Amino acid sequence: MSGIFGVVSKNKNCMNQLFYAGDYHSHLGTQFGGIALSGEKIIRRIHNISSSQFKSKLLEEFSSLEGNKGIGAISYEEQPIYVKSRFGDFCLVTNGWINNWKALTEELFLKNFSFSEISDSRINICELVSKLILQKKSLTEGIEYMYSKIKGSISLLILTKKGIYASRDKYGLSPLIIGKSREGFAVVSETAAFPNLDFKVVKELLPEEIVFIQQSGLRQKKKGNENNLKICAFSWVYTGFPASCYQGKNVEKVRENCGKLLARADQVKPDLAAGVPDSGTAHAVGYALGKGVPFRRPLVKYTPGYGRSYLPSAQSVRNLVAKMKLIPIKEIIKGQKIVLCEDSIVRGTQLKNYTLTKLWGSKAKEVHVRVACPPLLFPCIFNYSTRTKKELIARRVIKFIEGKNKKDISRYIDDKTSKYDKMVSQIAKDLGVTTLKYQKIADMVSAIGLPKDKLCLYCWTGKF
Ligand code: SF4
């Protein structure tokens with residue numbers, strides 16, 4: 001995942017707001033954090049944040065950075081891109097992924113374009129977006145052209161000398177929200193950045209909408225298309241920050257709803273409900289409220305500084321992070337029937353090796369795992385993802401049951417079939433838990449509270 005943010009201030013310097021806005025997006029990535037400021041000149045800074053936080057990297061140079069508007073990104077690649085062009089100097093950040101990047105790159109080579117921001121022998125997606133935009137007569141036309149060419153999803157912010165262009169991807173898969181304060185405007189992926197910086201939401205961009213943000217106000221450059229909205233359901237279940245709201249639905253509340261619905265569908269009578277920290281916590285709070293059992297913390301996370309353990313691509317790093325971050329509390333675990341809520345199960349290895357072993361090792365009596373979303377069967381096609389189909393535990397189990405890779409898995413997707421039940425029982429066996437239940441897709445949709453056709457559910461259904 002990635003997150004983008006920007007600030008346009010009436011004050012001479014917006015660095016303080018940009019710094020904290022960036023900090024409040026740090027949970028969305030562990031590879032790069034970058035900002036660009038526009039004042040008397042344009043300044044750009046990009047840091048590798050794989051071993052230390054965005055905040056601590058920027059703190060060292062904080063006082064030397066100045067500008068009354070700025071943008072930034074927490075991302076899997078180096079951003080912002082700085083472009084000198086006939087539209088003047090501008091900086092660009094993007095959020096999303098382009099599936100046909102190879103074909104578009106070839107097309108641009110034939111037009112004599114070249115690429116310089118190469119990482120892992122792949123072109124930088126943000127640079128590709130800039131080259132597509134540059135082919136038209138204005139930035140607005142260029143953004144529209146880029147949308148017409150890409151297969152995937154890109155939201156973006158463009159910082160110019162005069163203001164910030166903000167545009168949300170053509171399906172609205174990721175949110176992009178504008179806030180206003182007495183000092184100016186901010187635009188963010190995560191509204192969690194707003195309350196402590198005194199911004200209030202004034203506008204949630206629609207798919208493909210383009211807005212130009214200046215000190216004097218907002219100017220719509222292109223209308224959005226509400227009919228295209230298919231926002232990522234995973235944002236509420238896992239990736240989003242609890243204090244954020246997308247389409248007016250708060251993440252923490254949705255997670256509590258998920259937990260309550262899991263409890264309603266459950267026959268088990270546990271002694272306590274617990275969550276796998278951090279994103280399983282609110283699901284467990286909801287479960288405890290729904291079931292009328294105590295919410296307790298048999299596993300505590302030593303520091304949020306470890307970040308998301310599925311994002312670092314090296315398995316050894318993921319394993320180390322998973323092993324070190326959770327500490328079991330024997331005094332709470334011993335002899336207890338525990339319902340453990342998890343946001344989702346990807347590979348299942350960390351849950352099994354570094355979470356469940358800690359509960360069993362501390363003499364839990366029973367461990368019932370409850371998952372806030374249905375079994376993940378398809379890797380995301382709209383964002384940079386390190387996951388492949390064959391890594392997903394549900395896929396591995398289907399292969400085990402069928403004895404081969406099966407093309408048509410519709411009976412495993414349908415939660416009313418015996419194949420589905422068989423898949424879940426086998427996953428439970430592999431994990432070594434007393435029982436395992438996943439949220440039904442209808443309940444997950446109802447917990448979010450938006451119409452089903454406004455959500456991307458591809459990870460679970462394979463349909464978009
Ligand atoms: S494919 Fe999955 S993670 Fe990607 S946008 Fe859709 S629901 Fe979200």
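A search of the whole structure turns up 3 cavities of 30 Å³ or more, a cavity being a set of points on a 1 Å grid over the protein atoms alone where a 1.4 Å probe fits but cannot get out. This is a predicted model, in which local features need pLDDT of at least 70, side-chain atom pairs count only at pLDDT 80 or more, and totals for chains, interfaces and linings use all residues. Residues are numbered from 1 along each chain as its sequence is written, and side-chain values use heavy atoms, with hydrogens and water left out.

**The largest cavity**
- Its volume is about 370 Å³, taken as the space filled by probe spheres set on the grid points.
- The lining (residues with an atom within 4 Å of a point) has 31 residues, with Met 1, Cys 232, Ser 235, Thr 239 and Asn 383 nearest the centre.
- Strand S6 (88-98), helix H6 (234-239) and helix H16 (458-461) each give two or more residues to this lining.
- By class, the lining of the largest cavity has 18 nonpolar, 11 polar and 2 charged residues.

**The ligand**
- The ligand sits in the largest cavity, as more than half of its atoms lie within 2 Å of the grid points.
- Around the ligand are Leu 173, Cys 232, Phe 234, Cys 380, Cys 456, Tyr 458 and Cys 459, each with a heavy atom within 4 Å of it.
- This shell has 7 nonpolar, no polar and no charged residues.

Technical notes. 1 Å grid on protein atoms, 1.4 Å probe; cavity = no way out; pocket = protein on both sides within 12 Å on 5 of 7 lines; lining within 4 Å. Nonpolar A, V, L, I, M, F, W, Y, C, P; charged D, E, K, R; others polar. Helix = DSSP H or I, 4+ residues; strand = E, 2+ residues; numbered from the N terminus.
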